[in-house]
Each structure stands twice: as structure tokens, then as C-alpha cells.
Amino acid sequence: MAQSEPRTLFEKIWEAHLVSAETEETPAVLYVDLHLVHEVTSPQAFAVLRERGLKVRRPERTVATMDHSTPTTPGRFVVEDAQCAAQLAELQANCSEHGIELHALGSEQQGIVHVIGPEMGLTQPGMTIVCGDSHTSTHGAFGAFAFGIGTSEVAHVLATQCLLQRRPRTLEVRVEGRLRPGVSAKDLILAVIARLGMAGGAGHVIEYSGPAIRALSMEERMTVCNMSIEAGARAGLIGPDDATFQYLAGRPRAPRAEAWEEALALWRTLTSDPGARYDRSLTIDAAALEPTVTFGTNPSMSAPVVGAVPDPQSLQEPASRAALERALEYMGLRPGQRLLGHPIEVVFIGSCTNSRLEDLRAAASLLRGRKVAPRVRVLVVPGSRQVKRAAEQEGLDQVFREAGAEWREPGCSMCIAMNGDQLRPGQAAVSTSNRNFEGRQGPGGRTFLASPLTAAAAAIKGAIADPRELLR
Amino acid sequence: MEPFKTLESRTVVVARPDIDTDQIIPARFLKGTTRTGLGKHLFAGWPDFPRDEGARVLVAGPNFGCGSSREHAAWALVDYGFRAVVSSSIADIFRANALKNGLLPVAVDEAMHRRLVARPGARVIIDLAQRTLEFEGARVTFAIDPFARRCLLDGTDELGFLLAQQNAIAAHEKERAC
Ligand code: SF4
């Protein structure tokens, strides 16, 4: 019987949420504990409920926010784009019709969906969490099985609190050693994605383990889990430990008093048992990693900042060679060119990958007492109003402003360029976000993904730079 | 949804690997609140996309549909006129989204994939009941989740199936006190 066999963390969560197990003919019916909703991927789902005369089954397990298309202009909460305004109004109407908690533009808890869930203590170990958003994998940092779904599935969860799912396979990414100074969680996950490739995690849930992962803060773990999807994985997962429990203790939506003790007892069982088997495994040495930057048009195309742009001629496979050639042409890079010193015009510090307090502290640590290079535009976009407030209490906003950066209102902003914050064609940007796809930050924009430290260094130098040179 | 039985069509080929959903439908077209009208923005950032309004089958490079979970990618492909996407591999979330919109994701072996990529505009016949794709006299079988296949063949959707599970769902909620 399964109980006596060692199980992985993923298997434990999966089995606890089965309404019915899968068979050859039908997928499993999986119960969803927490459903997060935002304006872009939900209107058509609510429309399905309307067409079929259905209600939201568990409105109290559903939480909505406005993030993707909201303006980040300092001090202004006016949506000028008529289409965005209509979409936001529709979310508001849908939430009030169905009794769903909404953190609307300008409200105290508003922010990027994957920032506010953990911040409020909604995200908890052992949960199943879904959202019509691929970076839902972020919440896996708490030992939750969290994954992105499409809009039809958003309707399924609204109506039934369940999803039809085939059980994914498991992939352990074990990270040995320790990250060296100047090397961050972002560099680690970029290295993992480079190793796995864009489809290397397909059909799998990645569990990150090993001493380097244990040494990460919760915010760093979120950065790692966030980008699991960039390797094609269904979800990323880290077993909860004392760091997890400390983070959650006292958060507004975390259990309290007796309920906290009960939850804690359960959460402590949520680790992969010794001897539990994964379908695949991969080991990475954290000590060998360096500050990393992407040079291409997908997140797997990365290299150490001190490295060079690869030569397509070195690739055997014609399709990969053609893809790299096209990527370099789009990015305006030459094969063999050194990355250090490549000029950039914009720096974006934000997104659900790197917009939390520690990210802002890291960027500010380099910008303090320094100036942004002439003609470089730097946008600092906190992930939520709470992050913004906490950063302001520490005076980080001052640091950014004095350095010559823009301190903006929370939202997805230039990560997805739906709200007017975007690159112009041909502009090069170092971004702490998660996707460097063609046009992602604006048509023709050229994105170099990097950590907050590397982004801050680039802001100062006006070019791709090694943050270790600026660390005191 | 219209039942999906067989499909005979010429192909459109985009051979690049890792075509992400931001390419299929850029984010600036996600501001609407309906599923319709997205076909005209399909591959909006690609002036070299080989537009062929009559083609029903898109042949694409490996890992098609990676990236964002936006179902708009499937809606845009369907609105444009595609009924099947053929590749050597298809990203997980996109595959799930496609299946819910009557867009058949077909993963073929690499040899067949290479042949299809080399012949844009060629005719293919896809038979869902048999799970076969036929091209220039060769026929390959493709894998598809039996449940998704049933739904496509019958033209039904998953929501109906889930709604029929209300009792089991309620029992689960009771048992786990959730
Ligand atoms: S910050 Fe970017 S990746 Fe994250 S939810 Fe917003 S748009 Fe998506």
C-alpha cells in the first residue's frame, strides 16, 4: 500500500487532493484549495458561468487582484487605455456578483498575484493552488503544488473547485554547495533552465533540494520556483522548513493560535521521505555559478556576464543553429562578442520573479550613493503595495530616486508591457523579469534577463556589467 | 463544440523550435473580454508568418506553445482557421488549452516531423478515431489522452464531466473539512 512506501512531497499533496483517482479512460479529479484570479485571463471564464447559469462553488477560496494592465505611474491610479479599463471594470463586476475578495487598483493589498498570495499568508504548505497564469509555480516555494491553467480551466475551478489532471512525473533538482557573493537565486534558476532546456521539465513537477536551496530565504525560493515554467515544468516545489514557518507566522491569513499549532504539525510531515523515488534527477553545484544574463530570445539562452555570446556555427543541429542565429539577429548581438560592456538603455527592476523587498534591497545596495548612467531609464516597480510601503519605510525609494531611477506603483508593468510601460523597437533592457521572448517587453524590444544585483550594476554602467565589481 | 472526426487540409509550416505563446498572440491583444476576433492578430509580430487562410493544419517546431498560459493562443489559432497543430512536442499548458477549443494537438515522431517541415503546403489527413496522420502515403499513429479524444470526438467539454462529480466533490470537502 502506498502509505508504507516512501513518497515524495508532490505525491503526498497529490494524493491528499484526489476527489477521484485517474484511470486509463479518465483523468484524476483534483481538488483546488486556493484559486487566484486576475483581470486578463478571467473574463471569458466568468462568461462561461453566466452562459450556463452556474455559481462560483467556493468564493471564499477565490482571491482576485488587478496587476497585469494596471498603470504604475507614481501616485496615479487612472487607467487611460479604454480596453484595459473595461477589463478591470469587468473583474470588479464579476467579483462583486460572485462574492469574491478583490484587491483592486489603489487598495492596500493590491499587487502582482504571485507576490500578494504569499505576502498575505494565503499561500501555505500542502495546498493545491492554481491561477490563470503560468508563473503560479512561484507558490511552490512554500511546499504547495501550484500551477498555471488556461481560462477554460479557470471556469472549471470557479464552477467546481476542481480540475481534471493527469499526474505529472517528478524531477529532483538537487543543488549542492552554496551560492557565492554576488550570485543570487535568479542566477541559480537561469542556470537550471540552461541545463534543462526550454522543454526539459515538460510533464514534470520539479522539486528543488539540497543545501544551497535550504540556505535560500523564502523570497529567493520564490524566485527559483517562479521560473520553473521556463523549463517547461508543470510546477516547482520546495519542501517547507523552519524558514517557511517563520515567514508565515503572524501573516494576516495564516492560521493562528491552536490552528497554527495544528497546521504546523501537518506541515512538518510535508517533506519527501528518505528513499522516495523521482522519475528523474539532476545535480547542480551552486558554488560554480556566476552572475548570469540571457543573450537570446528565450530564458534558456544564458551565459555568465563574464562570458561571450555563443557562435551558432558551433551547433550541430540545423534547427537549433537557425534559432540561435535568429535570436542573435533580433538581439543585435554578434557571435563571440563579450557580454560585459554591451550597451543598454533601460533597466527594469520588477515582476513576480524579482520585485520583493529583498530584491529591492539588493538593487538599492549597489545604487546607494551612485548614479544611474546618463541616458539610461531605470524603472523600479515594487511587486505590491505592501512591498512598496515596506521599502519606503527603509528609505529605499529615496535611494532609487537619488540615483536617478523611477520609483513606481506596483504591477506587472514592463514584464508584459500591457499597461504602457514598454520598450521601443530596438531598445535594449536588462530586466529582472522572467521572459525575454521577442516583443515581450514591447515590439522590437531586446531583453537581457538578470538578477536585481546585475540589473543595478547595468544601470550604473549603462551596459551589461558584473555586480561583483561594485560589491563593497 | 463541433465534433472532431477527420481533417484533410494543406499545411502551413513554422519550423522554429520553442515558439512561445507571446509569439502566437502578443500581450497587447489580451485586453479584450471575449474569445473572439483574435485570428487577425495571430503571429502579429512576425511579418514572415506564411499566411494561408485556407489551411487548417499548422506544422510547427518542437515545444510549440511554451511560455504564458494564455488560452488566447488557442483562440487565435482557431479563429484564424486552424483545427490541428502538428509538432514533435507540444508544451503542456498550451496542449490542455488547445484540446478545450477543438484544436487538435498532434505530436509525431521526429522523422515524420522533419518530412512535414520540409513540405509546406502539403496535404495531410488526420483521423482522430484512428489516431492517425497520413502524409504522402505514409501513416503514423499519434498519442492523445483517451478522455480528451472522447471529448473531441463527441464535441463535449470537460466542464460537463466535472459538474457531474458534484457528489464526490462534496464528499471530499466534508472528509477534509474544507
Ligand atoms: S509580473 Fe510578469 S510574469 Fe509575473 S504575473 Fe505579471 S505579467 Fe506574469
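B:Asp145 and A:Arg166 form a salt bridge, with 2.5 Å between the closest N and O atoms. A salt bridge here is a side-chain nitrogen of Lys or Arg within 4 Å of a carboxyl oxygen of Asp or Glu. The model is predicted: local features need pLDDT of at least 70, side-chain atom pairs count only at pLDDT 80 or more, and totals for chains, interfaces and linings use all residues. Residues are numbered from 1 along each chain as its sequence is written, chains are lettered from A and ligands numbered from 1 in the order in which they are written, and side-chain values use heavy atoms, with hydrogens and water left out.

The rule finds ten salt bridges across the interface of chain B and chain A. Over all chains, the whole structure holds 44. The interface involves 50 residues of chain B in contact with 60 residues of chain A; contact means heavy atoms within 4.5 Å. About 4600 Å² is buried between the chains, and carbon and sulfur atoms give 56% of this area. Buried area is the accessible area (1.4 Å probe) that two parts lose on being put together, summed over both.

A:Arg166 lies in the loop between strand S8 (162–165) and strand S9 (169–176) of chain A, and B:Asp145 in the loop between strand S7 (138–141) and H5 of chain B. Helices (H or I, at least four residues) and strands (E, at least two) are DSSP runs, numbered from the N terminus. A:Arg166 is partly exposed at 28% relative accessibility. B:Asp145 is also partly exposed, at 23%. The classes are buried (under 20% relative accessible area), exposed (over 50%) and partly exposed in between, with a 1.4 Å probe and protein chains only.

A second bridge between the chains joins A:Glu438 to B:Arg16, with the closest N and O atoms 3.0 Å apart. A:Glu438 sits in the loop between strand S18 (428–431) and strand S19 (446–449) of chain A, while B:Arg16 sits in the loop between strand S1 (6–14) and H1 of chain B. A:Glu438 is buried, at 9% relative accessibility. A:Arg57, A:Arg58, A:Glu60 and B:Glu173 are linked in a network of salt bridges.

Within chain A, A:Glu394 pairs with A:Arg361 in a salt bridge at 2.5 Å. The partners are 33 residues apart: A:Glu394 is in the loop between helix H13 (385–393) and helix H14 (396–403), and A:Arg361 is in helix H12 (residues 357–367). A:Glu394 is partly exposed, at 38%. A:Arg361 is partly exposed, also at 38%.
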